[in-house]
Amino acid sequence: MTLSIYDLTDGDFRARLEQTQCAVIPVGSLEQHGQHLPVSTDCVIAEHISKEAARRLEYFVLPVVPYGVSFEHAPMFNVSVRDSTLSNVLCDMCVSIAHLGIKKIVIINGHHGNMGVLQYVAQNTFEKIPPDSAIHVINYWCLMNEKFDHAGEAETSILLAVKPTLVKMDRAEATGKTLMKSREVYRSMTCRPGSFPELTGNGVWGDPMLASADKGKELMREINDNVSKTILEFD
Ligand SMILES: [Zn+2]
């Protein structure tokens with residue numbers, strides 16, 4: 001039985017609503033991920049994790065919201081929306097499905113630059129959704145021990161595990177510049193539009209040459225287990 005909202009009729013949805021009043025919304029971005037990963041990387045990962053969580057917990061899953069806030073990647077490829085646009089889209093979606101009877105909404109985020117927006121979705125929908133509905137957010141990389149990167153070892157390994165046909169390892173190269181400052185300094189610096197290619201030289205943060213499908217499978221096992229556990233703890 002699929003719980004992918006995309007495939008259901010109105011009648012299917014209503015019938016299944018009697019069994020579950022919970023839904024997962026994946027949110028990604030369209031932005032450069034070096035020369036070896038597709039611009040859809042964050043979407044692919046967020047959707048993969050969301051579908052697995054929905055399968056395990058028997059929740060509904062919505063199609064991925066593919067556009068995020070990625071101005072930091074300019075002038076390299078990015079299709080970005082402003083923080084207010086993403087916020088409006090997600091808040092409207094949450095209000096819509098809450099009024100259909102979904103009581104627990106879990107947003108699974110695949111892109112670092114969306115975090116600020118997602119932090120306020122519950123606040124911005126307060127009093128617009130029924131009082132027995134709740135909205136939660138998971139930034140998936142916070143649920144793995146490995147340090148996260150951008151098109152580096154971790155992200156490339158994950159993509160090798162979930163969609164290897166989209167990975168071009170023969171084009172993979174490590175960060176083009178030496179990154180000597182602390183992560184907190186870079187976290188702040190990368191809030192500025194255009195900063196990412198400037199800082200890294202080639203749009204890659206980390207070393208994708210260290211990536212492997214086995215490592216990706218291991219990371220996905222850890223992430224999927226922790227995501228399910230975390231979603232259940234929201235109750
Ligand atoms: Zn990414």
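**Close-up views of helix H2 and its surroundings**

**View 1. Helix H2 meets helix H9 along one stretch of each helix.** In this predicted model, Ile-49, Glu-52, Ala-53, Arg-56 and Leu-57 of H2 are in contact with Ile-223, Asn-224, Val-227, Ser-228 and Ile-231 of H9. Sorted by class, the residues of this contact comprise 6 nonpolar, 2 polar and 2 charged. An α-helix has 3.6 residues a turn, so residues three or four places apart point the same way.

**View 2. The packing of H2 and H9 can be described by an angle, a distance and a handedness.** Two packed helices are described by the angle between their axes and the distance between the axes. For H2 and H9, which spans residues 213-233, the angle is about 55° and the axes are 10 Å apart. H2 is therefore oblique to H9, and the crossing of these two helices is right-handed.

**View 3. Helix H2 also packs with helix H6.** H2, made of residues 41-57, and H6, made of residues 153-162, pack at an angle of about 60°, and their axes lie 11 Å apart. The two helices are therefore oblique to each other, and the crossing of H2 and H6 is left-handed. On the H2 side the contact is formed by Thr-41, Val-44, Ile-45 and His-48, which meet Glu-155, Ile-158, Leu-159 and Val-162 on the H6 side. By class, this contact of H2 with H6 contains 5 nonpolar, 2 polar and 1 charged residues.

**View 4. Helix H6 is largely enclosed by the rest of the structure.** Why can H6 be called largely enclosed? The reason is that 9 of its 10 residues are buried. These buried residues are Glu-153, Ala-154, Glu-155, Thr-156, Ser-157, Ile-158, Leu-159, Leu-160 and Ala-161, and the buried residues of H6 pack against both H2 and H9.

**View 5. The largest nonpolar core has 59 residues.** In soluble globular proteins, nonpolar side chains tend to be buried together. Within this core, the residues that touch the most other members are Ala-23, Val-24, Tyr-59, Cys-94, Ile-105, Ile-107 and Ile-108. The largest share of the core, 7 residues, is contributed by H2.

**View 6. Ile-105 has contacts with residues from other parts of the sequence.** When residues up to four places away in sequence are not counted, Ile-105 touches Ala-23, Ile-25, Cys-94, Ile-97, Ala-98 and Ile-135. Ala-23 and Cys-94 are, like Ile-105, among the residues that touch the most other members of the largest nonpolar core.

Methods
Residues numbered from 1 in each chain as written. Predicted model: local features only at pLDDT ≥ 70, side-chain atom pairs only at ≥ 80, totals over all residues. Axes fitted to C-alpha atoms, helices over the stretch in contact; angles between N-to-C directions. Helix = DSSP H or I, 4+ residues; strand = E, 2+ residues; numbered from the N terminus. Parallel < 35°, antiparallel > 145°, perpendicular 65-115°, else oblique. Left-handed = near helix turned anticlockwise from the far one by under 90°. Contact = placed C-beta atoms within 7 Å. Nonpolar A, V, L, I, M, F, W, Y, C, P; charged D, E, K, R; others polar. Core = buried A, V, L, I, M, F, W, Y, C linked by C-beta atoms within 7 Å. Buried ≥ 20, exposed ≤ 12 C-beta atoms within 10 Å, placed from the backbone.
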